[in-house]
Amino acid sequence: MTSMTYSLYALPHSLYSGRARSYLIKNGIAYREVSCGHESFKTDVVPKAKLPTIPAMLTPDGHVIRDGAAIIEYFEAANGRPCQPKTPKQQLVSGLFDLIGNEGLLRPAMHYRWNFPEQNLSFLHYHFYHAQQEHPEREAKTHHMMDKMRYAATMFGVNDQSQALVETLYMEFLSALDKHFEQYPYLLGWQPSIGDFGLLGPLFGHLGRDPKPLQIMQQQAVHVYRWVERMNRAAQDAPEHFPSTGYAVPEAGFLANDEIPATLLAALAVIAEDLVPETRAAAEVINGWLAVNPVEAGAKASRYLGQNGGKAEFTVRDQTMVAGAQPYRFFVLQSVQDCYARCSADERIGIDELLQSCGLDELLNIKLTRRLGQRDNLEVWV
Ligand SMILES: N[C@@H](CCC(=O)N[C@@H](CS)C(=O)NCC(=O)O)C(=O)O
């Protein structure tokens with residue numbers, strides 16, 4: 001199937017699709033959305049994408065870009081990086097929110113999707129069923145896919161013991177973020193950054209759309225809900241942030257003077273509570289695996305490390321959690337660390353102070369013994 005515009009292979013309820021879709025909308029990039037249940041996903045996309053994940057983009061000249069980060073990077077590189085803040089603290093904080101969206105909110109995203117069947121099940125069934133073509137096994141396959149994703153929730157550390165803590169942490173984060181979006185329409189002021197798109201993944205696809213968490217967001221965090229709406233609209237859509245007199249629309253742009261609002265630091269401080277110990281534990285697991293499984297440069301970095309490896313154990317508020325250690329977390333974190341490495345000594349002092357104030361400073365030093373890259377649509381060990 002060829003098209004004059006970009007084709008985004010995605011699904012409405014897919015966490016990672018929401019990130020790429022919002023980027024295209026906010027940057028005025030014409031595209032059409034195609035279900036990954038469409039025959040062309042198998043014939044035109046997957047052979048070049050290498051893995052059957054969404055989002056995947058088919059360009060008008062027939063190239064396929066798999067992975068939300070790679071899709072965004074394709075347009076950022078071509079257009080002078082419109083969504084990358086230019087100043088050091090803001091660039092780093094934008095990268096941190098990208099990490100939080102891609103990895104740091106998977107537990108609440110999966111918990112609030114799969115552990116409230118009374119509220120969510122028929123909604124989810126509709127979406128999983130309609131992600132496929134008509135075929136005799138359609139219903140059975142729908143159940144198989146849903147069971148697989150329900151199981152994935154446990155892989156990320158959601159179980160009977162951890163559910164209460166997952167909820168507490170999410171509600172604290174939501175409340176802190178709500179105070180931020182009461183003040184500003186986006187994370188860093190008046191335009192969305194890379195971090196906004198990353199964060200939107202879980203906060204739209206699951207937490208701002210499935211019936212149970214949507215109700216929580218609408219009732220308890222209306223400003224976050226409005227940001228989710230705004231992120232899916234081409235226009236600025238921030239009437240509540242207009243000045244109280246006159247009709248002037250605020251200038252688009254990031255906040256002046258590399259400002260990071262205190263409201264954002266409060267939200268980061270909540271996230272730090274599980275992001276840091278989980279990242280530390282995951283790095284230990286993956287580095288241990290790398291020590292006994294030498295990988296050649298260019299070898300594919302699998303999503304999980306295999307049957308025996310890959311479980312990170314860490315403590316949050318005196319409670320032990322266990323979650324799969326995924327190399328992708330470090331692919332995203334690496335960009336944050338690279339941003340820090342590019343800064344001058346003075347700039348680093350400012351960033352150190354900022355990250356210490358919200359308990360995230362250790363993230364700059366947690367590294368894998370091997371770097372990760374993306375080559376030919378796969379994450380690889382460099
Ligand atoms: N790192 C990828 C992750 C994509 C991903 O895991 N997408 C999910 C849907 S939200 C998927 O395709 N899952 C199916 C699978 O893993 O086979 C990205 O950011 O695009």
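Predicted model: local features only at pLDDT ≥ 70, side-chain atom pairs only at ≥ 80, totals over all residues.

**Overall form.** I took the box along the principal axes, and the C-alpha atoms fill roughly 60 × 55 × 45 Å. The secondary structure comes to 14 helices and eight strands. I find 41% of the 382 residues buried. For contacts between residues at least 6 apart in sequence, I looked up the share that joins residues at least 24 apart, and it is 77%.

**Domains.** The domain assignment gives domain 1 as 6-78 and domain 2 as 88-110 + 163-381. I took their centres over C-alpha atoms, and 21 Å separate them. Into the contact go 20 residues of domain 1 and 21 residues of domain 2. On the side of domain 1 that touches domain 2, I find at least two residues each from α1, α2 (39-49), β4 (64-66) and α3. The largest share of that side is from α1, with nine residues. By class, I sorted the residues of that side of domain 1 into eight nonpolar, six polar and six charged.

**Core.** Which residues have the most contacts inside the largest nonpolar core? I list Y9, L96, F173 and V224, in a core of 96 residues. Helix α12 (residues 262-292) gives the most to this core, 11 residues. I place the core between domain 1 and domain 2, because both give residues to it. As a general point, nonpolar side chains in soluble globular proteins tend to be buried together.

I then followed Y9. Leaving out residues up to four places away in sequence, I find that Y9 touches V34, C36, F41, V45, I54, P55, A56 and L58.

**Ligand shell.** Which residues surround the ligand? I read off S14, L15, Y16, S17, P52, T53, I54, P55, D67, G68, A69 and Y328. The elements that give two or more residues to this shell are α1 (15-26) and α3 (68-78). The most is from α1, with three residues. By class, I count seven nonpolar, four polar and one charged in the shell.

**Cross-check.** I note that I54 and P55 are among the residues around the ligand, and that Y9 touches both I54 and P55. I also note that α1 gives the most to the ligand shell and the largest share of the side of domain 1 that touches domain 2.

Notes
Residues numbered from 1 in each chain as written. Near = placed C-beta within 6 Å. Helix = DSSP H or I, 4+ residues; strand = E, 2+ residues; numbered from the N terminus. Nonpolar A, V, L, I, M, F, W, Y, C, P; charged D, E, K, R; others polar. Domains from an automatic or database assignment. Contact = placed C-beta atoms within 7 Å. Core = buried A, V, L, I, M, F, W, Y, C linked by C-beta atoms within 7 Å. Buried ≥ 20, exposed ≤ 12 C-beta atoms within 10 Å, placed from the backbone.
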